[in-house]
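This briefing covers the ligand site, the aromatic pairs and some backbone details of the structure shown below. Keep the sequence and the 3D view at hand while reading.

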Amino acid sequence: MVVRGRLASSVVAAQDVHRRYGGVVPELASRDHQRLVLPVVGDALEKAGVALRDLTTVAVTYGPGLAGSLLVGLSFAKALAWARSLDLVGVNHLEGHLFSLFIEEPHPPLPFLCLVVSGGHTQLVVVDEDFRYRTIGRTRDDAAGEAFDKVGKLLGLPYPAGPHVDRLAAGGDPSALPFPRTHLPDLDFSFSGIKTSVLYHVRDRAASGAPPLDDAGLADLCASFQAAVVSMLVRAVDRALTRVPVRAIGVAGGVSANSGLRTALRELAAKRKLGLYIPRPAWCTDNAAMIAVAGYHRAVAGHLSKLTLTAEPALAL
Ligand code: KG4
Ligand code: ZN
């Protein structure tokens, strides 16, 4: 993706190779990255009408994530920076998600509370006036997206299952099945309980000799599961708002594309009289635009990286 003060182009190469396995296979992911990095960068430059010699800076994700995939991106970015004498900026993937709220206008006013909900992370972050981040709540077990993917897999839905559960939930009754909600006393989240309840429900049903779920039953199950996850997320956001003075609510990461979550957050924002900022769906799931915009901000602030920058698979925000 190319930024020129504003977004000039963005190219995403989706990896279908994982669908077959019901989850990401790290070795296949990094091999695909290796195969695709050159054509994708070439495509982004061409679409932006920018030549390699016009670039000043290259931004790259250095963590958190899969080591092999991070290394492919880092090796490419460092080689490009070295060969072309470009500035190099390492970006934290989660910081990238926060900056997905700054790809297009209108931006949230600072400070704002951001719910970062992806396949690997679920955390509540306060972004202050100086773009400093403070994590005030996080998941103690699964990430919200991971719960969607695991429950979807159990129901035989393709990977990643979040969008499929979302679509099916739209036709179901969210109060059909009383799945338990885990509300922790602080601002942390836990999703393993709800995931296990769905597993037991499906297992008990099969053991009782009940016929396989029909379309209506599947829709009710998805709607009930989604309602429980959304309620856990939104309740923690609501509680956080009583503790930190912020001017807006933001949500970022793949799960922010979820329609149930969007509706519930819209209601909460109206109740709290705060603006709600959600990136358009293309910027919710992983994309290079958010990394480039985060890198742009870092570069402008003079936070450049050295060529010794290395992959940090478990990097925190
Ligand atoms: O941010 P992202 O693209 O990648 C990570 O950094 O993890 O998030 C991917 C996650 C997957 O777990 C996917 O199932 C979930 O986001 N997701 C959704 C929806 N769209 C994507 N979950 C629920 N509802 C959706 N509409
Ligand atoms: Zn992500």
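The domain bounds used here come from an automatic or database domain assignment. With those bounds, domain 1 (2–98 + 284–300) and domain 2 (108–278) both give residues to the shell around ligand 1, so ligand 1 lies between them. The model is predicted.

**Ligand site**

- There are 20 residues around ligand 1, and those that come nearest are G119, D149, D166, G254 and D286.
- By type, the shell around ligand 1 holds six nonpolar, 11 polar and three charged residues.
- At D286, a backbone N or O atom lies 2.8 Å from an oxygen atom of ligand 1.
- A backbone N or O atom of G145 is 3.2 Å from an oxygen atom of ligand 1.
- For G120, a polar backbone atom and an oxygen atom of ligand 1 are 3.3 Å apart.
- The protein buries 88% of the 550 Å² that ligand 1 exposes when taken alone.

**Aromatic pairs**

- A pair of aromatic rings is described by the distance of the centres and the angle of the planes.
- The model has six aromatic pairs.
- One of them is F99 with F131, a stacked pair with 5.3 Å from centre to centre and 20 degrees between the planes.
- This pair links distant parts of the chain, with F99 in helix α3 and F131 in the loop between β6 (122–127) and β7 (133–138), 32 residues apart.
- F99 has a relative accessible area of 2% and is therefore buried, the cut-off being under 20%.
- F131 has a relative accessibility of 24% and counts as partly exposed.
- The pair of F148 and F225 is edge-to-face, because the ring planes stand at 75 degrees, with the centres 5.2 Å apart; the cut-off for edge-to-face is over 60 degrees.
- F148 in helix α4 and F225 in helix α7 (residues 215–243) are 77 residues apart, and their pair also links distant parts of the chain.
- Both F148 and F225 are buried.
- Ring pairs also join F99, F102, F112 and F131 into a cluster.

**Backbone details**

- Most residues other than glycine have a negative phi, and most peptide bonds are trans.
- The peptide bond from G63 to P64 is cis, with omega near -10 degrees, and P64 sits in the loop between β3 (57–63) and α2 (67–84).
- A cis peptide bond also runs from Y159 to P160, with omega near -10 degrees; P160 is in the loop between α4 and α5.
- F131, which is not a glycine, has a positive phi of about 60 degrees and lies in the loop between β6 and β7.
- K273 is not a glycine either, and has a positive phi of about 55 degrees.
- The loop between α8 (259–272) and β9 (275–277) holds K273.
- K273 has a relative accessible area of 74%, so K273 is exposed, the cut-off being over 50%.

**E46 in helix α1**

- E46 is part of helix α1 (residues 26–48).
- With a relative accessible area of 65%, E46 is exposed.
- E46 and V2 are 44 residues apart along the chain, and their C-alpha atoms are separated by 9.7 Å.

Notes:
Residues numbered from 1 in each chain as written. Chains lettered and ligands numbered in written order. Predicted model: local features only at pLDDT ≥ 70, side-chain atom pairs only at ≥ 80, totals over all residues. Heavy atoms only, no water. Near = heavy atom within 4 Å. Polar contact = N/O pair within 3.5 Å; in protein donor to acceptor, adjacent residues only side chain to side chain. Areas by Shrake-Rupley, 256 points an atom, 1.4 Å probe, with all protein chains shown as cover. Nonpolar A, V, L, I, M, F, W, Y, C, P; charged D, E, K, R; others polar. Phe/Tyr/Trp six-rings, centres within 6.5 Å; stacked < 30°, edge-to-face > 60°. Helix = DSSP H or I, 4+ residues; strand = E, 2+ residues; numbered from the N terminus. Buried < 20%, exposed > 50% of the residue type's maximum accessible area, 1.4 Å probe, protein only.
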